[in-house]
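Subject: Structure handover

Hello,

Here is the structure I promised you. My notes on it follow below.

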Amino acid sequence: MCALPIYLDDETLCCAGLLSQARAAGAQVYVTWITAGDGFEFDAALTERTLHPRGRALRELGERRVQEARAAAQVLGVPADHQVFLGYPDGGLRALNGRNYARPYTSPRTGASAVYLREAQTPGAPFTGQALDADLERVLRRVQPDVILIPAHEDFHPDHHTLTLIAQRLASRLGLTARLRYWVVHGGLEWPLPKGLHTALPLVPPPLARALPWQRVPLTAGEQQVKAQAVNAYRTQTEVLGRFMRAFVRRNELLSPADQPGR
C-alpha cells in the first residue's frame with residue numbers, strides 16, 4: 001500500500017486507521033509526501049516568532065514539519081525506510097503541472113526553486129513538473145503498490161486536486177489505475193463538523209463529494225487512540241488547526257474506489 005499525501009499530516013487525517021489496519025494484516029505500507037507544507041505563513045509566524053515569515057523562516061518550518069511527519073509515521077508503525085519526502089513547493093503544484101512543467105518554478109514563500117529538504121528523495125531537484133513526475137514514478141516503480149491512496153479531484157485544495165491529475169496520469173502510464181483509491185481532507189465549508197475530538201461520532205461524506213461511492217472503514221477505539229496520537233505529533237499544525245485536525249478522529253474513515261460518481 002502506498003499513500004500519497006500532499007502535506008505532512010494528510011496521511012494521518014485521511015487514512016491513519018486504514019494504514020494501521022493494513023500493517024496489522026501484514027501489508028507493507030509506504031507514505032510519500034509531495035510537499036513539506038512550508039507555505040503556511042500563519043503557522044510559521046507562530047512557530048518562528050516572526051510577523052512576516054518568508055524565505056528562511058518558511059524553509060525552517062518545512063524542515064521542522066518533516067520531523068513531525070516522521071514522529072507521526074512512527075506512531076502509525078510506518079518504518080523510516082518506507083517514508084519518502086519529495087519536497088516540492090507548497091501551493092505550487094498547479095504551476096508545475098502547467099506553465100512550469102519544464103521551466104523551474106520559484107516559490108514566492110520560501111524563495112526556493114529547487115528541493116531544499118535535507119531528507120528529500122532527490123535533493124536539489126528543480127521545481128518542475130518533469131522532476132516531480134520522475135520522482136513519483138521512481139517511487140511507484142520501486143514499491144509496486146497493490147493500493148495507492150490519493151486525494152479525490154473533489155478536494156477543493158488546489159494542490160490536492162492537482163496531485164489527483166498527476167497521479168492518475170502516472171498510474172495510467174504504469175498500468176496501476178485500478179489500484180487507485182481516493183480520500184478527501186478539504187471537503188467543504190466547515191467540514192467535518194463538529195470541530196474537535198468526538199470519537200463517538202461517524203465521519204460523514206464531505207459536502208463537495210457526497211456523490212462519490214464512499215466506503216466506510218470502521219475504526220476500533222484502539223485505532224482511534226493511535227490516530228489521535230499521530231495527529232498530536234504535528235505540533236506546529238495543532239497549535240493553529242487542532243480542532244479541525246482532531247475532528248477527523250471519528251468512528252470511521254472514508255475511502256472511495258472512484259473519483260467520479262458511477263465510475
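**A buried threonine**

T162 is buried, at 4% relative accessibility. Buried means under 20% relative accessible area, exposed means over 50%, and partly exposed is in between (1.4 Å probe, protein chains only). T162 sits in helix α6, residues 158-174. Helices (H or I, at least four residues) and strands (E, at least two) are DSSP runs, numbered from the N terminus. Leaving aside neighbours within four places in sequence, T162 is in contact with L93, R94 and N97. Contact means heavy atoms within 4.5 Å.

**How to read the model**

This is a predicted model: local features need pLDDT of at least 70, side-chain atom pairs count only at pLDDT 80 or more, and totals for chains, interfaces and linings use all residues. Residues are numbered from 1 along each chain as its sequence is written, and side-chain values use heavy atoms, with hydrogens and water left out.

**The sheet**

Five strands form an open sheet with parallel pairing, in the order β3-β2-β1-β4-β5. Its edge strands are β3 (83-88) and β5 (180-183), and each pairs on one side only. Two strands pair if DSSP finds at least two bridges between them.

β1 (residues 2-3) and β2 (residues 30-35) pair in the parallel sense over 2 bridges. There, A3 stands opposite V31 of β2. β2 is largely enclosed by the rest of the structure, because 6 of its 6 residues are buried.

Helix α3 (residues 56-75) lies across β2 and β3. Its direction is at about 155 degrees to β3. Axes here are lines fitted to C-alpha atoms, for helices over the stretch in contact, and angles run from 0 to 180 degrees between N-to-C directions.

Helix α1 (residues 10-24) packs with helix α7 (residues 221-232). The angle is about 135 degrees, and the axes are 9 Å apart. The contact is made by T12, L13, A16, G17, S20 and Q21 on the α1 side. From α7 come E223, V226, K227, A230 and V231.

The two helices are therefore oblique to each other. On this scale, angles under 35 degrees count as roughly parallel, over 145 as roughly antiparallel, 65 to 115 as roughly perpendicular and the rest as oblique. The crossing of α1 and α7 is right-handed. That is the case if the near helix is turned clockwise from the far one by less than a right angle, and left-handed if anticlockwise.

**D9 and its partner**

D9 lies in the loop between β1 and α1. D9 is buried, with a relative accessible area of 5%. Its phi is near 145 degrees, a positive value in a residue other than glycine. Most residues other than glycine have a negative phi, and most peptide bonds are trans.

What joins the side chains of D9 and Q237? A polar contact of 3.2 Å does. A polar contact is a pair of N or O atoms within 3.5 Å; within protein, one must be able to donate a hydrogen and the other to accept it, and residues adjacent in sequence count only if both atoms are side-chain atoms. The two residues are 228 apart in sequence, yet 8.4 Å apart in space, C-alpha to C-alpha. Q237 belongs to helix α8 (residues 235-246). Q237 is also buried, with a relative accessible area of 5%.

**The loop between β5 and β6**

Please look at this loop too. E190 is found in the loop between β5 and β6. E190 has a positive phi of about 70 degrees, although it is not a glycine. At 44% relative accessibility, E190 counts as partly exposed.

Two cis peptide bonds come next in my notes. One joins W191 and P192, with omega about -5 degrees. P192 is in the loop between β5 and β6 (215-218 being β6). Another joins L193 and P194, with omega about -10 degrees. P194 also lies in the loop between β5 and β6.

**An exposed arginine**

Is R243 buried or exposed? R243 counts as exposed, at 57% relative accessibility. R243 lies in helix α8. Not counting residues up to four places away in sequence, R243 touches K195 and G196.

Best wishes
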